[in-house]
Amino acid sequence: MKGLLTIEDLAKMTGLSERTIRNYLADGQLEGEKVDGTWRFTEEQFGAFLGQDMVRQSVRAKANGKIYDFLLTEKRREDAACLVWDRPVEGGEEESRLREILMAEVNRLELGCAYRYEDSMARAILTGAPAALGELLVRLG
């Protein structure tokens with residue numbers, strides 16, 4: 001996640017659809033820059049976006065929906081786990097670094113993720129293979 005983020009990155013981290021992210025762009029609630037025809041966002045822009053009340057409520061609803069959907073699935077073809085992970089974080093650079101590492105690991109391990117930060121607490125709702133979730137927790141210590 002070093003450098004600029006894409007709409008796809010934002011969608012993965014928030015649980016919001018790419019269409020919803022684009023709607024936030026059109027409404028001016030998300031700032032970004034088009035680079036070679038593709039929207040790109042800095043960590044600071046993403047943090048400011050997540051800091052808005054309306055966005056936080058949407059992300060929270062999507063995250064809670066992830067848990068509910070996971071619980072509703074009665075038959076699976078392979079092992080799966082859903083994890084709610086809370087981590088106290090002061091904010092600023094510490095929160096930004098945590099988000100960067102989390103995003104990279106979620107992509108590498110092919111996990112589902114909804115992330116939010118408020119009141120000095122980072123929360124990630126993660127879904128995927130139990131071994132991959134275990135590896136992520138070890139990595140993030």
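This is a predicted model: local features need pLDDT of at least 70, side-chain atom pairs count only at pLDDT 80 or more; totals for chains, interfaces and linings use all residues.
Residues are numbered from 1 along each chain as its sequence is written. Local features need pLDDT of at least 70, side-chain atom pairs count only at pLDDT 80 or more, totals for chains, interfaces and linings use all residues, and side-chain values use heavy atoms, with hydrogens and water left out.

Trainee: At roughly what angle do the axes of helix 5 and helix 6 cross?
Mentor: Helices are DSSP runs of H or I, at least four residues, numbered from the N terminus. Axes are lines fitted to C-alpha atoms over the stretch in contact, with angles from 0 to 180 degrees between N-to-C directions. Helix 5 (residues 92-109) and helix 6 (residues 130-140) have axes that come within 11 Å, and the crossing is roughly 155 degrees.

Trainee: Is helix 5 roughly parallel or roughly antiparallel to helix 6?
Mentor: Angles under 35 degrees count as roughly parallel and over 145 as roughly antiparallel. The axes cross at roughly 155 degrees. Helix 5 and helix 6 are therefore roughly antiparallel.

Trainee: Is Leu10 buried or exposed?
Mentor: Buried means under 20% relative accessible area, exposed over 50% (1.4 Å probe, protein chains only). Leu10 lies in helix 1. Its relative accessibility is 0%, so Leu10 counts as buried.

How values were computed. Helices (H or I, at least four residues) and strands (E, at least two) are DSSP runs, numbered from the N terminus. Angles under 35 degrees count as roughly parallel, over 145 as roughly antiparallel, 65 to 115 as roughly perpendicular and the rest as oblique.
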